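Subject: Structure for you to look at

Hello,

Here is the structure I promised to pass on. My notes follow below it.

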Amino acid sequence: MMSLEGTYDEGNVFALILAGKIPSTKLYEDEHTYAFLDIQPQSRGHSLVISKWSKARNILEVEDEALAQVMATVKKVANATRRALDPDGIHVAQFNGAPAGQTVFHLHFHIVPRWEGQPRGFVAHAQGDFADPEELRKLAEEICAQF
Ligand code: AMP
């Protein structure tokens, strides 16, 4: 089990996404950051933001510069998600170490739109149903139109 100690695994799933070795549904990209839809969404429009260059596994070890770049993209994606999907709230979350719920050890922030009256929480974190790829593609179109 991976915890706070450890070294960056070049074969982690987000490294493979950045290398183009496995597919992802892109929402936004700039020189330093990449945003894409989560394949096991906690809500409609759940996305993730990562640094393209930082080898930080978690927030404890990330370079301040990479963190600032990632957070600026979190803000952009949250605003585009709001414009596209009109949620009542937006949950921004981040997990450090397996006991805290982290399953992928490349620093990332979750952006989870929330609607009044819908269940929330990361109880079944990274264990929920997989999204339909076609549904994710359509959702990405809606959000991408709002940058
Ligand atoms: P965490 O548990 O905070 O490390 O979050 C990892 C997140 O990555 C979970 O919400 C997973 O559903 C998501 N995830 C895992 N593999 C992929 C993938 N190939 N594409 C998109 N999201 C993924």
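Glu29 and Lys52 form a salt bridge, with their closest N and O atoms 2.9 Å apart. This is a predicted model, so please read the distances and areas as computed from it. Glu29 lies in strand β1 (residues 26-29), while Lys52 lies in the loop between β3 and α2, so the pair ties together parts that are 23 residues apart in sequence. Lys52 counts as partly exposed, at 29% relative accessibility.

Glu29 has another partner. Its side chain also meets that of Lys26 in a salt bridge, at 2.7 Å from N to O. Glu29 is partly exposed, with 37% relative accessibility. Lys26 is partly exposed too, at 42%.

Now to helix α3. Arg137 forms a salt bridge with Glu141, and the closest N and O atoms are 2.8 Å apart. These two residues sit four apart in helix α3, so about one helical turn separates them. Arg137 counts as partly exposed, at 39% relative accessibility. Elsewhere, shared partners join Lys26, Glu29 and Lys52 into one network of salt bridges. The structure holds eight salt bridges; the ones described here are among them.

Next, the pocket. How much space lies in the largest pocket? About 460 Å³. Its lining is made up of 25 residues. Phe14, Asp38, Ile39, Gln40 and Leu48 lie nearest the centre of the largest pocket. The elements that each give two or more residues to the lining are α1 (13-18), β2 (33-37), β5 (108-114) and α3 (133-144). Of these, α1 gives the most, with three residues. By class, the lining has 15 nonpolar residues, nine polar ones and one charged one.

Last, the surface. Leu4, Ile59 and Leu60 form a nonpolar patch there. Together they have about 260 Å² of accessible area. Ile59 is placed in the loop between β3 (47-51) and α2 (64-85). Lys52 lies in the loop between β3 and α2 as well. Ile59 is partly exposed, with a relative accessible area of 31%. The cut-off for joining a patch is over 30% relative accessible area, so Ile59, at 31%, passes it.

When you open the model, three places to look at are the network of Lys26, Glu29 and Lys52, the lining of the largest pocket around Phe14 and Asp38, and the patch of Leu4, Ile59 and Leu60.

Best wishes

Technical notes
Residues numbered from 1 in each chain as written. Predicted model: local features only at pLDDT ≥ 70, side-chain atom pairs only at ≥ 80, totals over all residues. Heavy atoms only, no water. Patch = residues over 30% accessible without salt bridge, like charges linked within 9 Å, V, L, I, M, F, W, Y side chains within 5 Å. Areas by Shrake-Rupley, 256 points an atom, 1.4 Å probe, with all protein chains shown as cover. Salt bridge = Lys/Arg side-chain N within 4 Å of Asp/Glu carboxyl O. Buried < 20%, exposed > 50% of the residue type's maximum accessible area, 1.4 Å probe, protein only. 1 Å grid on protein atoms, 1.4 Å probe; cavity = no way out; pocket = protein on both sides within 12 Å on 5 of 7 lines; lining within 4 Å. Points joined across faces, edges and corners; volume = space filled by probe spheres on them. Nonpolar A, V, L, I, M, F, W, Y, C, P; charged D, E, K, R; others polar.
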